[in-house]
Amino acid sequence: MVKHQGGCHCGQIRFTTEYDPIIVAQCNCMRCRKLMGTVNVGAMYGTQEIEVTGTTKKYTFNGGSGMPVHLHFCPECGTRLYGEPEAFEGFILVALGAYDDSLQFEPKAEVFTNYKMKWIRDSGCIKESFEEGAVAERMQMMMENMEQRG
């Protein structure tokens, strides 16, 4: 049963999952701002939990952890779809804007708050904030959330 789905603007790339995200997080770093046009909010899943149809193009850059991130996007319309951060091996971070119904998600954590644009506010949904990348802290949150998911 498909629980969540989405894809690129032109429809060439689609993704589906039967799972809820492990965690939804907001990144305020300068890399994400440049790549996404503003902050990046993404939903984390295990790599095997997402099915992608269509062929993406990949751009690799060093993330805040200092390790590579492989950003996948549509080669036709340029929609950024998901990233595979090597700091979180075995996980995939799906861009919130790529979902067909992105309004159902809210970030529970945020990183790189030291770069956050002063006009960005949350509705009280963010429970954990970190000035830097907080890889270990996010991994701990993910493990706790995975245990709760069953």
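Which residues do ring pairs link into a cluster? Select Phe15, Tyr99 and Phe105, which are linked in this way. Keep in mind that the model is predicted.

**Stop 1: the ring pairs**

Over the whole structure, a search finds three aromatic pairs. Begin with Phe15 and Tyr99, whose ring centres are 5.2 Å apart. Their planes stand at 90°, so this pair is edge-to-face. Now colour by secondary structure: Phe15 belongs to strand 2, whereas Tyr99 sits in the loop between strand 9 (91–95) and strand 10 (109–111). The pair therefore ties together parts that are 84 residues apart in sequence. Are these two residues buried or exposed? Phe15 is buried, at 4% relative accessibility, and Tyr99 is buried with a relative accessible area of 4%.

Next select Tyr59 and Phe61. These two residues form a stacked aromatic pair, with 5.9 Å from centre to centre and 20° between the planes. Tyr59 is partly exposed, at 43% relative accessibility. Phe61, with a relative accessible area of 16%, is buried.

**Stop 2**

Strand 2 (residues 14–17) pairs with strand 1 (residues 4–7) in the antiparallel sense, over four bridges. The hairpin of strand 1 and strand 2 has six residues between the strands. Among them, pick Gly11, which takes a positive phi near 90°.

**Stop 3: the cysteines**

Select the cysteines and show their sulfur atoms. How many disulfides does a search of the whole structure find? The search finds zero. Start with Cys32: the closest cysteine sulfur, in Cys27, is 3.7 Å from its own. A disulfide needs the two sulfur atoms within 2.5 Å, so the sulfurs of Cys32 and Cys27 are too far apart for a bond. Cys32 is buried, with 12% relative accessibility.

Then move to Cys74, which is in no disulfide either. Here the nearest cysteine sulfur is that of Cys10, 3.7 Å away. Cys74 is buried too, and its relative accessible area is 1%.

To finish, return to the cluster of Phe15, Tyr99 and Phe105, and follow the chain from Phe15 along strand 2.

How values were computed: Residues numbered from 1 in each chain as written. Predicted model: local features only at pLDDT ≥ 70, side-chain atom pairs only at ≥ 80, totals over all residues. Heavy atoms only, no water. Buried < 20%, exposed > 50% of the residue type's maximum accessible area, 1.4 Å probe, protein only. Pairing = 2+ DSSP bridges. Helix = DSSP H or I, 4+ residues; strand = E, 2+ residues; numbered from the N terminus. Phe/Tyr/Trp six-rings, centres within 6.5 Å; stacked < 30°, edge-to-face > 60°.
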